[in-house]
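Subject: Structure handover

Hello,

Here is the structure for your set-up. Please look through it first, then read the notes below.

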Amino acid sequence: MSRTMKALVSYAPYDNRYEDFPVPEIGKGELLLKVKGCGICAGDVKSYHGGIRIWGTSEENRYIEAPCIGGHEFYGEIVEKAEDVTGYEVGEVITAEQVIPCGECKFCREGKYWMCTRSAVFGFKQYANGGFAEYVKIDKNCIKHRIPEGFTQEQAVLVEPIACGMHALERADIKHSDVVVIAGLGAIGLSMVNIASLYLPGMVIGIDVKENRLAMGKEFGADVVLNPAECNVAEEIMKLTDGLGCDVYVEASGSPGSVTQGMDALKNLGRYVQMGVFAKEVQADWNVIGDGKELTIIGSHLSALTYPAVIKGIQKGLIRTEGLISHRFKLEDWEEAFETAEKAEDAVKVMLVPQE
Ligand SMILES: [Zn+2]
Ligand SMILES: [Zn+2]
């Protein structure tokens, strides 16, 4: 194997370079994967545009440790393994969860590794270089999962985003009588519509401003879809629920207007789940939460313990994946891929393939 590889390296906002990069050397407990595909996350696009959650306001408070290789929605084939690694063999196809936990902090010790205080998400640190490359190193602390035989490239790449959506729904604690609203029908939102409908609740409502996504929402199990560009969503939800409102509102769009829309649409004692990421601060009337409706506000971060359920759900055909990967590009065509992910009318999720 040649010891250099092609990689997409992030140096600064608007400065991504497709270039030669050393193939990672593996140490104790580590694996080397030949990357077979890597999805582009909204976070990767926001990083490219200098997103403040990633680049901070100064060198001191930035999350990203540039230059580093982006991408956390990857899977690949094990091509090298350290002698002390047991349970995995060269030639197996695996994915690793997007977060590398420290294994030592209070949250890690309590098994809540996704909230690790010293964690790294692949693609944002130099010791956690990501999957926009021909090879990726799997740290000893990584949480690894086998990709079953028969999974398509698209299905394997979708495991990470769907796992994040599944965690948000687990946080929502859906009951069979609930009216569940999913606001924002990107790949994760559509998967949440799908998974929410598997709980067999009273109703699943999907919200998006794009007609093609609303049509997909119906295919993925929404009973009703609403377009906030064409109607007052909160009013429509009131009409559908005898003036009471929805029980669960999962915010997955990252659009500030979706927050007040959710608070207006929720029933007394409703549950609001935040999983989308906002590019700017949100304003809302917080009286609705306390003095008004006694709402429960719930956060959702990464994917917790949901990867195995997602893999099983895809394998059993319960979790749908058709159409969620709308575009596929070679890694060298990353610029077009990023632009497609950001701007194309029909983009859902875009994936990069470093080598065939
Ligand atoms: Zn992601
Ligand atoms: Zn930790």
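**Sheet 2-1-4**

Three strands form an open sheet in the order 2-1-4, with antiparallel pairing. Strand 2 (15-22) and strand 4 (68-69) are the edge strands; each has a single partner strand, so one side of each has no neighbour in the sheet. Strands (E, at least two residues) and helices (H or I, at least four) are DSSP runs, numbered from the N terminus. Two strands pair if DSSP finds at least two bridges between them. Strand 1 and strand 4 are antiparallel and pair over 2 bridges. Ser-10 stands opposite Cys-68 in strand 4.

Some ground rules. This is a predicted model, in which local features need pLDDT of at least 70 and side-chain atom pairs count only at pLDDT 80 or more, while totals for chains, interfaces and linings use all residues. Residues are numbered from 1 along each chain as its sequence is written, chains are lettered from A and ligands numbered from 1 in the order in which they are written, and side-chain values use heavy atoms, with hydrogens and water left out.

**Zinc sites**

Start with the zinc ion (ligand 2). Its protein donors are Cys-102 (SG), Cys-105 (SG), Cys-108 (SG) and Cys-116 (SG), lying 2.3 Å from the ion. Donors are N, O and S atoms within 2.8 Å of the metal (3.2 Å for Na, K and Ca); water is not among the atoms, so sites may look incomplete. Along the chain, the donors of ligand 2 are spaced C-x2-C-x2-C-x7-C. Cys-105 and Cys-116 link distant parts of the chain, 11 residues apart. Cys-105 is in the loop between strand 7 (99-100) and helix 3 (106-109), and Cys-116 is in the loop between helix 3 and strand 8 (120-121). Both Cys-105 and Cys-116 are buried. Buried means under 20% relative accessible area, exposed over 50%, and partly exposed in between (1.4 Å probe, protein chains only).

Why does the arrangement around the zinc ion (ligand 2) count as tetrahedral? The 4 donor atoms subtend angles of 102 to 116°, which makes it so. The tetrahedral label requires four donors with all angles between 85 and 135 degrees.

The zinc ion (ligand 1) is coordinated by Cys-41 (SG), His-72 (NE2) and Glu-73 (OE), at 2.2 to 2.6 Å. The spacing of these donors is C-x30-H-E. Here Cys-41 and Glu-73 link distant parts of the chain, 32 residues apart. Cys-41 sits in the loop between strand 3 (31-39) and helix 1 (42-48), Glu-73 in strand 5 (residues 73-81). Cys-41 counts as buried because its relative accessibility is 18%. Glu-73 is buried too, at 2%.

**Cavity**

The search of the whole structure finds 1 cavity of 30 Å³ or more. The largest cavity holds about 100 Å³ of space. A cavity is a set of points, on a 1 Å grid over the protein atoms alone, where a 1.4 Å probe fits but cannot get out; lining residues have an atom within 4 Å of a point. Grid points are joined across faces, edges and corners, and the volume is the space filled by probe spheres set on the points.

Residues lining the largest cavity include Leu-8, Ser-10, Asp-44, Tyr-48, Phe-132 and Phe-338. Strand 1 (4-12) and helix 1 are the elements that give two or more residues to this lining. Helix 1 supplies the largest share, 3 residues.

**Backbone points to check**

- The peptide bond from Ala-66 to Pro-67 is cis, with omega near -5°. Pro-67 is in the loop between helix 2 (52-55) and strand 4.
- Tyr-14, in the loop between strand 1 and strand 2, has a positive phi, near 60°. Tyr-14 is exposed, at 53% relative accessibility.
- Leu-269 lies in strand 15, and its phi is also positive, near 65°. Leu-269 counts as exposed, with a relative accessible area of 55%.

**Strand 12**

Strand 12 (residues 203-207) is mostly covered, with 5 of its 5 residues buried. Met-203, Ile-205 and Ile-207 are on one side, Val-204 and Gly-206 on the other. Strand 11 (residues 179-183) runs parallel to strand 12, joined by 5 bridges. Ile-182 has Gly-206 as its bridge partner in strand 12.

Best wishes

Terms used. Four donors count as tetrahedral if all angles lie between 85 and 135 degrees; four count as square planar and six as octahedral if opposite donors are over 155 degrees apart and all others between 65 and 115; anything else is irregular. On a 1 Å grid over the protein atoms alone, a cavity is a set of points where a 1.4 Å probe fits but cannot get out, and a pocket is an open set with protein on both sides within 12 Å along at least five of seven lines; lining residues have an atom within 4 Å of a point.
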